[in-house]
Amino acid sequence: MPSSSLPPLSLSILGVEPLDEFIKEIADFVHHMIMNRPDIGGNVELEAKIGILRERGTGQRLALPVLVETILAPDSIECRFESNMSVHQHKHYNQLLNNLKTVSSQSSHHSSQLQYSHLHLVDSFYSVENSQDRDKIRVTREEKTGSVRDCMRKVRLGDLNIYSPKRAADWRVSVNLEVPVTHPLGTPTLTRRKDRMSYSHEEFNIDLTQVTSTTSPMAPPQILHELELEVARPDLLLSTATRRGDPNVSEHERSAFDELIRAFVNNARILVRNSSEGWQ
């Protein structure tokens with residue numbers, strides 16, 4: 001008599017699991033951006049921001065005839081990405097990440113421990129002559145001491161928007177270049193104070209930030225709340241991208257880039273799926 005219990009099953013008729021096209025699409029996009037970046041030096045930054053995709057005309061959240069998480073072809077839909085969340089949502093993520101940090105420190109936890117730091121930073125932005133408005137020099141200082149941490153020009157390489165109809169939030173993958181520059185002269189066009197709670201886990205940083213921006217001493221400040229995930233080591237990102245698919249290195253080395261992107265995507269998905277109602 002046949003058993004009613006399910007026997008062990010093969011992953012497929014070939015005995016292997018089919019490649020996840022979603023993760024491969026993001027890996028291919030990031031790899032293309034890295035390998036075709038302009039030759040101006042600097043570090044490659046890979047980040048994912050959590051937010052909402054909105055229609056440009058109405059400001060309403062995007063509504064597409066799809067049932068599950070979907071990557072949008074670049075420039076295919078008139079929409080904008082808004083990373084600002086409500087104070088309620090900010091508090092929700094803060095509690096979630098703090099709880100995870102506490103649990104991860106216990107010996108019974110099955111994954112690596114989260115590390116935590118609380119940063120108070122001030123960004124000053126300076127316009128670049130003969131350049132687009134978005135292309136600015138950013139000087140980052142420690143708020144308490146005034147010491148300069150970074151002085152760089154951030155060059156946008158490309159974005160991928162991911163629409164998540166079953167979740168309270170969407171997300172965006174961005175690839176940028178951060179090019180070190182000398183400290184600019186003149187007066188900054190924008191000052192931004194960042195109260196940042198930074199959580200690190202293996203090769204990734206998760207930053208939960210309250211941003212207070214001012215354009216002049218007389219202008220009222222604008223307060224935003226943002227959540228982003230970033231690959232912590234740009235040198236690792238670049239080296240694994242360079243060896244991707246190289247037949248002259250080991251299987252482990254040539255697949256390391258895709259493994260890094262797989263974990264990056266999984267972490268972004270976890271953050272999105274733990275979002276709650278209350279976006280701005």
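**Figure 1. Helices H3 and H5 lie oblique to each other.** The axes of H3 (residues 234-243) and H5 (residues 256-273) cross at roughly 130 degrees and come within 7 Å. Axes are lines fitted to C-alpha atoms over the stretch in contact, and angles run from 0 to 180 degrees between N-to-C directions. Helices (H or I, at least four residues) and strands (E, at least two) are DSSP runs, numbered from the N terminus. This is a predicted model: local features need pLDDT of at least 70, side-chain atom pairs count only at pLDDT 80 or more, and totals for chains, interfaces and linings use all residues. Residues are numbered from 1 along each chain as its sequence is written, and side-chain values use heavy atoms, without hydrogens and water.

**Figure 2. Residues where H3 meets H5.** H3 brings Leu237, Thr240 and Ala241. H5 brings Ala256, Phe257 and Leu260. Contact means heavy atoms within 4.5 Å. Five of these residues are nonpolar, one is polar and none is charged. Ala, Val, Leu, Ile, Met, Phe, Trp, Tyr, Cys and Pro count as nonpolar, Asp, Glu, Lys and Arg as charged, and the others, Gly among them, as polar.

**Figure 3. Helix H5 and its buried residues.** Among them are Phe257, Leu260, Phe264, Arg269 and Val272. Buried means under 20% relative accessible area, exposed over 50%, and partly exposed in between (1.4 Å probe, protein chains only). The 18 residues of H5 should span 26 Å at 1.5 Å a residue, and the end C-alpha atoms are 26 Å apart, which agrees. The expected span is 1.5 Å times one less than the number of residues.

**Figure 4. Helices H1 and H3 are roughly perpendicular to each other.** H1 (residues 21-35) packs on H3 at an angle of about 100 degrees, with the axes 10 Å apart. His31, Ile34 and Met35 of H1 face Leu237, Leu238, Ala241 and Thr242 of H3 in this contact. The classes are five nonpolar, two polar and no charged residues.

**Figure 5. Asp123 in strand S4.** S4 covers residues 115-127. Asp123 is buried, with a relative accessible area of 0%. The Asp123 side chain makes a polar contact of 2.7 Å with that of Thr140 and one of 2.9 Å with that of Lys194. A polar contact is a pair of N or O atoms within 3.5 Å; within protein, one must be able to donate a hydrogen and the other to accept it, and residues adjacent in sequence count only if both atoms are side-chain atoms.

Technical notes
Angles under 35 degrees count as roughly parallel, over 145 as roughly antiparallel, 65 to 115 as roughly perpendicular and the rest as oblique.
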